[in-house]
Amino acid sequence: MAVKYNRILLKVSGEALAGEKGTGFSDSTMRSICEGIRDAWKEGAQIGIVVGGGNFWRGRSSGSMERTCADKIGMLATVMNALAVSDELRQLGVPTEVLTSIVMPQVAPVFTRNDAVAAMEEGKVVLFGGGTGCPFFSTDTASALRAIETGCDVMFKATMVDGVYDKDPKKFSDAVRYDQLTFSEVLEKQLAVMDSTAATLCRENNMPVLVFDLAHPENIAKAVRGEDLGTLVVEK
């Protein structure tokens, strides 16, 4: 079956890698997610990945610590996650490249658009560590930025719910899931899709975002094929 999206940017939260442990890595959860990425890669899609750092550190809830310092620690956490996911994918036979927004040559090469695109075209899964490299920007914004920079067809936001709802479906049994939204609606209704900077970036650069459930990692390959799932956010 032909893929619908030839080049994707997959955003995975750091918390997703922790599984039920809540922090650090869950070996079984990491393997399951990476198997889902491998299957999407086998479909022929070019894949870039941004992983959050929340399984190790959340800068915005770091108490009295100065915000830029807290965010720098968070950026380093995303590099650790990028390396871990890269290693797991390599064990599954998937070639990878880790690029960071922070100069750390002993760890990984620094990100450039040309290097990222070249690696994708070579068939490597590219993992972007370090967020944007600047404090005050979330990994949602980093994902939107990398998706736009590398010419992706779509940004996949893999979450722990099966799409975007009008209110929290875990708290309200009458919550309604949207099949499709515009970024303007996301911003106006303050829906919990992504932060406003990321949403604005995607809206202004015509980058669609598909939100779906990562509890079923096979959804990544299904999304690449264009199967009906989750919520599509696109500006008409």
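Trainee: Which residues touch the most other members of the largest nonpolar core?

Mentor: Keep in mind that this is a predicted model. The core in question has 36 residues. The residues that touch the most other members are Leu10, Ile49, Phe156 and Phe212.

Trainee: Which helix gives the most to this core?

Mentor: Look at residues 27–42. They give five residues to the core. That helix is H2.

Trainee: Which residue stands opposite leucine 10 in E5?

Mentor: Start with the strands. E1 covers residues 7–12 and runs parallel to E5, with five bridges joining them. Opposite leucine 10 stands phenylalanine 156.

Trainee: What stands opposite alanine 158 in E9?

Mentor: E9 spans residues 209–213. E5 pairs with E9 in the parallel sense, over five bridges. The residue opposite alanine 158 is phenylalanine 212.

Trainee: How many residues of strand E5 are buried?

Mentor: Take the two directions in turn. Val154, Phe156 and Ala158 point one way and are buried. Met155, Lys157 and Thr159 point the other way, and they are buried too. For E5, residues 154–159, the count is six of six.

Trainee: Which residues does isoleucine 49 touch, leaving out those up to four places away in sequence?

Mentor: Isoleucine 49 is one of the core residues that touch the most other members. Its contacts include Leu9, Leu10, Ile37 and Leu89.

Notes:
Residues are numbered from 1 along each chain as its sequence is written. This is a predicted model: local features need pLDDT of at least 70, side-chain atom pairs count only at pLDDT 80 or more; totals for chains, interfaces and linings use all residues. Side-chain values use heavy atoms; hydrogens and water are left out. Buried means under 20% relative accessible area, exposed over 50%, partly exposed in between (1.4 Å probe, protein chains only). Helices (H or I, at least four residues) and strands (E, at least two) are DSSP runs, numbered from the N terminus. Two strands pair if DSSP finds at least two bridges between them. A nonpolar core is a set of buried Ala, Val, Leu, Ile, Met, Phe, Trp, Tyr and Cys residues joined through side-chain atoms within 4.5 Å. Contact means heavy atoms within 4.5 Å.
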